[in-house]
2 protein chains.
Amino acid sequence: MKPFCFAKDEIIESKLATSHPLDIGLIRGYAIFDFFRTVGPNPLFLEDYLLRFTNSAKSAHLPLAYSKEDLEQIIHKLIAKNELENGGVRMILTGGISDNFFTPASGDLFLFCEPLSLPSEEKYSKGVKLLPVEYVRPIPKIKTTNYTLPCFLSVDWPSQGAEDVIYHHQGLVSESSRSNIFMVNDGIISTPATHILEGITRKKVMELAANVIVRDIRLDEILVADEVFMTSTTKRIMPITTIGNQVIGTGKPGDQTVSLMAAFENMEKSLLFSSL
Amino acid sequence: MKPFCFAKDEIIESKLATSHPLDIGLIRGYAIFDFFRTVGPNPLFLEDYLLRFTNSAKSAHLPLAYSKEDLEQIIHKLIAKNELENGGVRMILTGGISDNFFTPASGDLFLFCEPLSLPSEEKYSKGVKLLPVEYVRPIPKIKTTNYTLPCFLSVDWPSQGAEDVIYHHQGLVSESSRSNIFMVNDGIISTPATHILEGITRKKVMELAANVIVRDIRLDEILVADEVFMTSTTKRIMPITTIGNQVIGTGKPGDQTVSLMAAFENMEKSLLFSSL
């Protein structure tokens with residue numbers, strides 16, 4: 001983490017930030033958050049992230065004492081104070097101290113700046129492996145801190161050569177633990193419609209690719225797709241070349257995936273120049 | 001909460017206890033805990049709770065720097081310091097500060113003493129209502145802090161006259177959000193076998209009732225059962241007289257439920273006297 005954070009109404013040293021252990025954010029895993037990147041010191045797609053964060057708070061019944069405009073000011077101040085370049089900003093709103101240790105209350109807002117390194121060049125050029133897991137996230141549209149299952153499973157990923165999981169339920173694919181999933185088959189790009197977090201990177205990819213079909217996708221379909229990729233804030237577009245024991249397509253990142261990866265990077269660059 | 005707690009290796013004022021907000025206990029909801037009652041100042045079934053807590057830590061890949069014996073000493077010291085009588089003790093082990101903000105690391109241990117009031121006499125005499133919810137907890141045998149869904153849903157329970165939920169998945173009942181479920185039909189007591197936390201109160205009830213059948217139980221079976229009840233540390237045995245819109249049995253706590261409720265209280269009393 002970077003030296004300064006925003007904690008409970010003020011910018012302080014990050015190492016001095018504290019949350020009370022009886023906050024239901026800790027004892028019940030009840031909190032919401034969001035995370036965006038900066039290109040140089042400039043937040044990428046900040047409007048989208050602030051809208052999702054404030055919507056998450058509202059949907060989760062958590063009062064947020066700051067408007068989107070307030071948050072934007074705090075963010076710019078914090079980025080400047082930390083001299084953050086090409087990093088990440090994490091916003092957390094806890095569930096608060098609850099009278100019955102359970103019902104959502106009124107929590108604390110924290111913002112941290114973090115150094116961020118994108119995945120290795122090798123992962124982008126070779127693609128990565130996902131492990132199918134039967135699971136569906138509860139209240140998936142709200143960006144909660146509910147990652148108990150994938151954190152638990154992540155201990156075994158290195159020994160299995162896996163980057164992450166791919167969730168499926170009743171035969172349908174939803175998402176990876178922190179990424180959205182796309183499939184390319186016969187030139188048509190599609191992405192799951194339900195039980196997903198509506199990713200900002202997913203949204204941008206759908207703007208770039210124009211004709212993405214949003215529908216239910218079966219696990220057995222995706223296993224025989226020509227190309228599969230996942231999208232997330234910290235990965236942009238990452239080719240998936242293996243799911244479980246199944247090699248996807250040629251086993252290499254496909255043409256449409258590679259083309260979208262380039263288009264996404266170009267969009268980022270153009271936004272950077274337009275903001276200078 | 002009571003005035004003193006155990007936080008990161010020492011007994012301090014509870015209000016001064018702190019956890020770092022970047023602990024994955026908060027940002028990923030990755031932590032384990034346990035909770036037991038005291039009868040007077042005496043912990044009830046402490047051996048069982050300490051065994052489950054240390055097992056949860058181990059299963060969740062979280063190092064715990066204290067043995068069961070260490071924990072027992074700390075607990076007795078903390079109860080005495082707080083002059084706790086008929087209260088609750090919460091033990092929390094966080095996931096720690098993780099290099100990748102995700103993989104289980106080495107966290108902090110917290111113990112809090114809390115005042116505890118059992119549910120109202122009216123709830124025990126009339127029984128309560130549960131709402132069926134299609135859900136199954138991930139890694140259910142580990143007592144994680146993963147309560148995102150029921151905390152979210154709990155906002156609507158008062159207006160629905162409900163005490164809690166009853167989880168079912170693929171037609172099978174598992175548990176309530178913080179309680180185990182039992183059913184009585186034609187004089188036979190049974191309880192779900194899978195996708196459950198193995199409750200200490202559940203275990204004690206199975207010792208008292210001797211011939212409880214542990215098997216898969218369908219939601220449609222339980223809806224037409226003669227009696228249903230739930231068990232938990234903070235409730236002991238609570239009659240369930242309504243599930244969704246369905247009245248259970250006569251709509252009043254059944255004979256076997258009432259008889260077990262009395263037997264459980266007697267067991268508690270006898271343990272108290274034997275410890276004096």
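Two strands count as paired if DSSP finds at least two bridges between them. Strands themselves are DSSP runs of E with at least two residues, helices are runs of H or I with at least four, and both are numbered from the N terminus.

You're looking at a predicted model, where local features need pLDDT of at least 70 and side-chain atom pairs count only at pLDDT 80 or more, while totals for chains, interfaces and linings use all residues. Residues are numbered from 1 along each chain as its sequence is written, and chains are lettered from A and ligands numbered from 1 in the order in which they are written.

**Stop 1: a sheet in chain A**

Select residues 4-7 and 109-115 of chain A. These are strands E1 and E6, an antiparallel pair held by 3 bridges. Click on A:Ala7 and look across to E6(A): its bridge partner there is A:Phe110.

Now widen the selection to the whole open sheet, which has 6 strands in the order E2-E1-E6-E5-E3-E4, with antiparallel pairing. Strand E2 (10-13) and strand E4 (42-43) of chain A are at the edges with a single partner strand each, so one side of each has no neighbour in the sheet.

**Stop 2: the helices on that sheet**

Next, pick residues 46-59 of chain A. This is helix H2, which lies across E3 (31-39), E4 and E5 (87-94) of chain A and runs at about 175° to E3(A). Contact here means that the C-beta atoms of two residues, placed from the backbone, lie within 7 Å.

**Stop 3: two domains**

Colour chain A by domain: domain 1 is 4-115 and domain 2 is 121-271, with bounds that come from an automatic or database domain assignment. Taken over C-alpha atoms, the domain centres in chain A are 26 Å apart. Where they touch, domain 1 of chain A brings 18 residues and domain 2 of chain A brings 13 residues. Which element gives the most to the domain 1 side in chain A? Select E3(A), which gives 8 residues.

**Stop 4: both chains**

**Stop 5: a strand in chain B**

Finish at residues 236-243 of chain B, strand E15, where 7 of 8 residues are buried (20 or more other C-beta atoms within 10 Å of the residue's own, with C-beta atoms placed from the backbone). Strand E7 (128-134) of chain B runs parallel to E15(B), joined by 3 bridges, and B:Lys129 stands opposite B:Thr242. Strand E14 (227-232) of chain B pairs with E15(B) in the antiparallel sense over 5 bridges, and a hairpin of 3 residues joins E14(B) to E15(B). Another hairpin, with 2 residues between E15(B) and E16(B), has B:Gly244 at a positive phi near 60°.

Methods
Axes are lines fitted to C-alpha atoms, for helices over the stretch in contact, and angles run from 0 to 180 degrees between N-to-C directions. A residue is buried if 20 or more other C-beta atoms lie within 10 Å of its own, exposed if 12 or fewer, and partly exposed in between; C-beta atoms are placed from the backbone.
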